[in-house]
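User: I would like to learn how to read the place where two chains meet. Could you take me through it slowly?

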2 protein chains.
Amino acid sequence: MSGRLFVVGLGPGSAEQVTPQALAAVAEASEFYGYGPYLERLDLRPDQRRIASDNREELGRARAALESAAAGRDVCVVSGGDPGVFAMAAAICEAVEVGPDAWRQVDIRVVPGITAMLAVAARAGAPLGHDFCALSLSDNLKPWPVITARLKAAASCGFVIAIYNPISRSRPWQLGEALEILRAILTAETPVVFGRAVGRKDERFLVTSLAEADANMADMATCIIVGSLETRRIKRPGMPDLVYTPRFSKGLPA
Amino acid sequence: MSGRLFVVGLGPGSAEQVTPQALAAVAEASEFYGYGPYLERLDLRPDQRRIASDNREELGRARAALESAAAGRDVCVVSGGDPGVFAMAAAICEAVEVGPDAWRQVDIRVVPGITAMLAVAARAGAPLGHDFCALSLSDNLKPWPVITARLKAAASCGFVIAIYNPISRSRPWQLGEALEILRAILTAETPVVFGRAVGRKDERFLVTSLAEADANMADMATCIIVGSLETRRIKRPGMPDLVYTPRFSKGLPA
């Protein structure tokens, strides 16, 4: 008899943003698979076991978790943010598709979480208040020309763009080039928001313009929101600017 | 002295998906503004007051809440899902921008929530596992040609598309036309997910193909996820198909 496999999103980092549904799933599982820093956020009982792996080993981790669940254990795979957004839920599905038949009988329950762009947007005001897209900048996962084509298409037709995985040691130049591409389409004043670990002690949060935006403002845990031509900044006395995209749109950029 | 204005997301409907941060904000406010069905979800004390308004009166509601907070009250504006995604946070910012100076001094705190597409995606598997966009189909808020241009651009460059506000009594034909536009770009087998009130008793959830997708499968509270050319369905014995978009992409459609 197969066990259950919970794929749980822990949100951006603050315990205040973890849902009761995620906590209930954690309480029911006996084994926990994930990237070490996410596993460390869990408050586990002595009978519950952590199995940490590197953040580039998603498919191996998915296979190990499925194997254990297929053997009858209740297992939890944890992601930061939401498990369905550039995270473990897709890796689990990939493993199921090519894995043994027994894995198709595992009761897989994906538990959504607050994904980074929602937390960064909330901190800024409402930059995602109109149509938007979410794009991973990692060219480990797709050819760079696909990424640049999507950046151009999204900016040209007025989507606000949330950029995940903007930069890493092995991908140092891509974010700078992405910003150059966007500068050729959008105005210099277009608001850009950099948010990292929002709601945690090590939060970094910055509102700037596309002209001033620089790849050094981001690290691998930063989510960047690039406005559209309609995104606005409101000055407030003694408080940070509010950044928002109006619900109404007049039309496409000329 | 100005009060605080919390703009809170209650998630898709299940109490299990409301964050502790949202509950804390609700506990601190004395007045609650929102669409009636969202306000009814709140478990309030006798000293807390509900002020319901129609879901087409977002700007008037925003103004009333800002007026009350500027007068010194702690006020809560509630949205279903996430307040920053096609919801009240942008309406609040719009009202601040054109309102009296006093409104710029209100301490505005946006509290993120699980937005509909994340809950629908979790129920389906991982359809948002690769680049995606979120698009409101309401042409009350923008010209229809803007919507069709975005649908074409998004489908052509490989974004999965989450459609919000797909249909209503006053917008009966737009979803059918949107599906026709997508059928001209994507294959007949492209997975399409319809989800409504996911996690609630009145949940409706359906996985189909783009060829079979029909506007009658949606109502105004449905979120629709249309896959890309890379989105896949996995058959499972005795369980619904898993729908997912692989993390890896080989390239753009020819």
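Analyst: What follows goes from the interface as a whole to the strands and helices beside it. This is a predicted model, in which local features need pLDDT of at least 70 and side-chain atom pairs count only at pLDDT 80 or more, while totals for chains, interfaces and linings use all residues. Residues are numbered from 1 along each chain as its sequence is written, chains are lettered from A and ligands numbered from 1 in the order in which they are written, and side-chain values use heavy atoms, with hydrogens and water left out.

User: How many residues of chain B are in contact with chain A, and what is the area buried between the chains?

Analyst: The size of an interface is often given as the accessible area lost when the parts come together. Here 74 residues of chain B are in contact (heavy atoms within 4.5 Å) with 74 residues of chain A. The buried area (accessible area, 1.4 Å probe, that two parts lose on being put together, summed over both) is about 6,300 Å², and carbon and sulfur atoms give 63% of it. Leu141(B), Arg150(B) and Arg247(B) supply 12% of what chain B buries against chain A, more than any other three residues.

User: How many salt bridges are there between chain B and chain A?

Analyst: A salt bridge is a side-chain nitrogen of Lys or Arg within 4 Å of a carboxyl oxygen of Asp or Glu. The count between the two chains is 10; one of the salt bridges joins Glu97(A) to Arg232(B), whose closest N and O atoms are 2.7 Å apart. On the side of chain B that touches chain A, helix 4 (residues 88-98) of chain B gives the largest share, seven residues, where helices (H or I, at least four residues) and strands (E, at least two) are DSSP runs, numbered from the N terminus.

User: Which strands of chain A and chain B pair with each other?

Analyst: Strands of a sheet pair through backbone hydrogen bonds, either parallel or antiparallel. Two strands count as paired if DSSP finds at least two bridges between them. Strand 7 (residues 132-136) of chain A and strand 7 (residues 132-136) of chain B pair in the antiparallel sense over three bridges, and Phe132(A) stands opposite Ala134(B).

User: What is the strand order of the open sheet in chain B, and why is one side of each edge strand left without a neighbour?

Analyst: The order is 6-13-12, three strands with mixed pairing. Strand 6 (125-126) and strand 12 (232-236) of chain B are at the edges, each with a single partner strand, so one side of each has no neighbour in the sheet. Four bridges join strand 12 of chain B to strand 13 (residues 239-244) of chain B, and these run antiparallel; the bridge partner of Ile234(B) is Leu242(B).

User: Which helix packs on that sheet?

Analyst: Helix 4 (residues 88-98) of chain A packs on the sheet, touching strand 6, strand 12 and strand 13 of chain B. The direction of helix 4 of chain A makes about 120 degrees with that of strand 13 of chain B, where axes are lines fitted to C-alpha atoms, for helices over the stretch in contact, and angles run from 0 to 180 degrees between N-to-C directions.
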